[in-house]
Every structure is written in C-alpha cells, then in structure tokens.
Amino acid sequence: MDTVNEILTELEHADNTTKNVLENKLVDCGKDALPVLVDQLQVVKGVKRGVVAMTLIRIGDASIKYLEKAAHDNKDFEWVAEYLIREIKGEMAA
C-alpha cells in the first residue's frame with residue numbers, strides 16, 4: 001500500500017482520472033493519514049491542496065480535531081481549517 005506521502009507525490013503529475021483514484025486511496029488510508037494530511041494542507045498548492053482538502057472532508061468527523069489543532073498552532077491556516085470544519089459538519093448534517 002502506498003504511503004500518504006507517496007500518493008501526494010503521484011498527485012503532482014496526475015490527470016483527472018488518476019487524481020480521483022489517488023483521492024480514493026487517501027480516503028482509504030482513513031484516520032491514520034490525518035496528521036500527515038493536515039500538515040500537508042498547510043504547505044501544498046494547487047491540485048494537491050484541493051485533493052487533500054476534499055480527502056479531509058470525506059474522512060469527516062475524525063478530521064476536525066486535527067484541523068482545530070492546526071488552526072490553533074498556525075493562525076494563517078485558521079480560516080482554511082474553519083472552512084473545512086464547516087464543510088464536514090455540513091456533510092454530516094445532510
């Protein structure tokens with residue numbers, strides 16, 4: 001099984017179909033991937049950032065505590081974390 005970092009590296013040159021497969025792989029990593037994903041979300045750009053954000057939303061509730069900690073530790077990241085937390089809570093309410 002690919003590590004989270006290997007999957008993120010593959011994303012750099014992925015077409016849309018591959019991007020979707022890689023996102024699903026990240027979601028399949030589940031809670032174990034959360035610390036790395038939240039750390040990466042603060043540094044990655046472009047397509048990678050979007051995939052990481054979507055993965056956190058899809059993993060759902062478990063992502064919230066990691067996002068809250070990252071927002072507390074990195075004020076520049078706070079609005080991103082708050083946005084994703086709202087999205088996660090919205091997904092759960094639906």
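Axes here are lines fitted to C-alpha atoms, for helices over the stretch in contact, and angles run from 0 to 180 degrees between N-to-C directions. On that basis, the axes of α2 and α4 come within 9 Å and cross at roughly 40°. Helices (H or I, at least four residues) are DSSP runs, numbered from the N terminus. This is a predicted model, in which local features need pLDDT of at least 70 and side-chain atom pairs count only at pLDDT 80 or more, while totals for chains, interfaces and linings use all residues. Residues are numbered from 1 along each chain as its sequence is written, and side-chain values use heavy atoms, with hydrogens and water left out.

**Helix α2 against α4**

- The crossing angle of roughly 40° makes α2 oblique to α4. Angles under 35 degrees count as roughly parallel, over 145 as roughly antiparallel, 65 to 115 as roughly perpendicular, and the rest as oblique.
- The crossing of α2 past α4 is right-handed. A crossing gets that label if the near helix is turned clockwise from the far one by less than a right angle, and is left-handed if anticlockwise.
- On the α2 side, the contact is made by Lys19, Glu23, Asn24, Leu26 and Val27. On the α4 side, Val47, Val51, Met54, Thr55, Arg58 and Ile59 take part. Contact means heavy atoms within 4.5 Å.
- By class, this contact has six nonpolar, two polar and three charged residues. Ala, Val, Leu, Ile, Met, Phe, Trp, Tyr, Cys and Pro count as nonpolar, Asp, Glu, Lys and Arg as charged, and the others, Gly among them, as polar.

**Helix α3 against α4**

- Helix α3 covers residues 34–41, and helix α4 covers residues 46–59. Their axes come within 9 Å and cross at roughly 140°.
- That angle makes α3 oblique to α4. The crossing is left-handed.
- Leu34, Leu37, Val38 and Leu41 of α3 meet Arg49, Val52, Ala53, Thr55, Leu56 and Ile59 of α4.
- The class count for this contact is eight nonpolar, one polar and one charged residues.

**Helix α3 against α5**

- Helix α5 spans residues 61–73. It packs with α3 at an angle of about 45°, with the axes 10 Å apart.
- The two helices are therefore oblique to each other. The crossing of α3 past α5 is right-handed.
- Leu34, Pro35, Val38 and Leu41 of α3 meet Ala62, Ser63, Tyr66, Leu67 and Ala70 of α5.

**Buried faces**

- In α3, the buried residues are Leu34, Leu37, Val38 and Leu41. Buried means under 20% relative accessible area, exposed over 50%, and partly exposed in between (1.4 Å probe, protein chains only).
- Seen down the axis of α3, these residues fall within an arc of 95°, so they line one face of the helix. The arc is that of the directions from the helix axis to the C-beta atoms.
- Helix α1 (residues 4–11) has Val4, Ile7, Leu8 and Leu11 buried. They cover an arc of only 100° around the axis, which puts them on the same side of α1.
- The cover over the buried residues of α1 includes α2 (16–29), α3 and α4.

**Single residues**

- Lys48 lies in helix α4. This lysine counts as buried, at 15% relative accessibility. Not counting residues up to four places away in sequence, Lys48 touches Leu8, Leu11 and Glu12.
- Ser63 sits in helix α5. Its relative accessible area is 0%, so Ser63 is buried. Leaving out residues up to four places away in sequence, Ser63 touches Leu34, Leu56 and Ile88.
- Met54 is in helix α4. At 35% relative accessibility, Met54 counts as partly exposed. Met54 and Asn74 are 20 residues apart in sequence and 20 Å apart in space, C-alpha to C-alpha.
- Asn24 belongs to helix α2. With a relative accessible area of 35%, Asn24 is partly exposed. The C-alpha atoms of Asn24 and Arg58 are separated by 9.4 Å, and the two residues are 34 residues apart along the chain.
- Lys31 is in the loop between α2 and α3. Its relative accessible area is 59%, so Lys31 is exposed. Lys31 and Gly60 are 29 residues apart in sequence and 9.4 Å apart in space, C-alpha to C-alpha.
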